Amino acid sequence: DEGDGDSDDRVIFRSNGVHTYFASDLGYLVNRFETREFQRVIEVWGADHHGYVQRMKQACAALGIDTERLEIILNQFVTLKEGKMSKRAGRFVTLEELLDEVGPDAVRWFYLSRAPETMMEFDLDLATAQNKTNPVYYVQYAHARLAGIERTAVGRELPTAADLTLLDKPWELDLARQLAHWPDTVAEAARLREPHRIPYFIYELADRVSTFYEAGNENGEHRVVVDDPALTRARLELCRAAKATLRSGLDLIGVTAPERMDRIQEEE
């Protein structure tokens, strides 16, 4: 269907009485909207099914279902960057093959980090790199770093409550500001149906965690665990908030949040 509408008659039952795929689609619409009383249905399709959108909308109208309650998001095709898998000319590479090659964390991250209408080139070398050029590895490493700080603080006598007014360094405040935007980011991602806002946000958060952490490497006075119990407690509270937010974001997109990782490699 090359037009905006779908005016052709569609067969629901064949002459031999066997129903078509379209009949199954209609039954599924009724099942969700009427039997299970869904208020809204969101379906994610490949861009090659664009001609089917209007047909399903018209089916809703014919069944007495408000067409606005059915949302259909079309995803563009994904191509593989030049590499060992892309050399298999003349055929598709299945998602299962891609999962075997790079693992579910990388696949979920890279698929969700692009808007549906954007063409994506999947870079296998980047997805398997264990350095800061790989965004999913970088975010996971930030989470592991914060977990390591927590382990370092175990057993120390610290105040029960954190005095957050002690946090006055630029890298501490930048990290706190990023954390403050998390609830709005999640709400906007859901409202606009734009899940790619989540990986964007947690990557930026990981970058601020890295700056915060490196400040302590450059000057021991800026480390989280220092001789001053009150200052340690305040910085530890910031670390805990950042770690919890990173884990929350990774959980939302189905990516693991490891507690330990090997030291991140520098870019060559």
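Arg223 touches Gly216 and Arg235 when residues up to four places away in sequence are not counted, a contact being defined as heavy atoms within 4.5 Å. This arginine is placed in the loop between H9 and helix H10 (229–252), where helices (H or I, at least four residues) and strands (E, at least two) are DSSP runs numbered from the N terminus. With a relative accessibility of 45%, Arg223 counts as partly exposed, since buried means under 20% relative accessible area, exposed means over 50%, and partly exposed covers what lies in between (1.4 Å probe, protein chains only). Arg223 and Phe212 are eleven residues apart in sequence, and their C-alpha atoms are 8.6 Å apart in space.

The model is a predicted one, in which local features need pLDDT of at least 70 and side-chain atom pairs count only at pLDDT 80 or more, whereas totals for chains, interfaces and linings use all residues. Residues are numbered from 1 along each chain as its sequence is written, and side-chain values use heavy atoms, with hydrogens and water left out.

The protein contains ten helices and four strands, and from the N terminus on its elements follow the order α-β-α-β-β-α-α-β-α-α-α-α-α-α. Of its 268 residues, 39% count as buried. Among the contacts with a separation of 6 or more, 71% are accounted for by residues 24 or more positions apart.

Leaving out residues up to four places away in sequence, Arg14 touches His19 and Thr20. His196, by contrast, is buried, with a relative accessible area of 10%; this histidine has its place in the loop between H8 and H9 and touches Leu112, Ser113, Arg114 and Ala115, again not counting residues up to four places away in sequence.

The nonpolar interior was examined next. A nonpolar core is a set of buried Ala, Val, Leu, Ile, Met, Phe, Trp, Tyr and Cys residues joined through side-chain atoms within 4.5 Å. The largest such core has 43 residues, of which Val102, Trp109, Phe122, Leu175, Ile202, Val209 and Leu246 touch the most other members. Helix H9 provides the largest share of this core, namely eight residues. A second, separate core consists of 14 residues, including Leu29, Tyr52, Val53 and Cys60. Apart from its neighbours within four places in sequence, Leu246 is in contact with Val139, Ala142, His143, Leu146, Ile202, Leu205, Ala206 and Val209.

Thr245 belongs to helix H10 and counts as buried at 10% relative accessibility. Its contacts, neighbours within four places in sequence aside, are with Leu179, Trp182, Phe201, Ile202 and Leu205.

Aromatic rings were then considered in pairs. Rings of Phe, Tyr and Trp (its six-membered ring) pair if their centres lie within 6.5 Å, and planes under 30 degrees apart count as stacked, those over 60 as edge-to-face and the rest as tilted. By this rule there are six aromatic pairs. Trp182 and Phe201 form a tilted pair, with 5.1 Å from centre to centre and 35° between the planes. Trp182 lies in helix H8 (residues 182–191) and Phe201 in helix H9, so the pair ties together parts that are 19 residues apart in sequence. Both partners are buried, Trp182 at 11% relative accessibility and Phe201 with a relative accessible area of 6%. Elsewhere, ring pairs link Phe22, Trp45 and Tyr52 into a cluster.

The second largest pocket holds about 380 Å³ of space. On a 1 Å grid over the protein atoms alone, a pocket is an open set of points where a 1.4 Å probe fits, with protein on both sides within 12 Å along at least five of seven lines, and lining residues have an atom within 4 Å of a point. This pocket is lined by 19 residues, and Arg145, Gly148, Ile149, Thr152 and Tyr213 lie nearest its centre. Helix H6 (135–153) and helix H9 (197–218) each supply at least two residues of the lining, and the largest share, seven residues, comes from H6. By class, the lining comprises eight nonpolar, five polar and six charged residues, where Ala, Val, Leu, Ile, Met, Phe, Trp, Tyr, Cys and Pro count as nonpolar, Asp, Glu, Lys and Arg as charged, and the others, Gly among them, as polar.

Key
Grid points are joined across faces, edges and corners, and a volume is the space filled by probe spheres set on the points.
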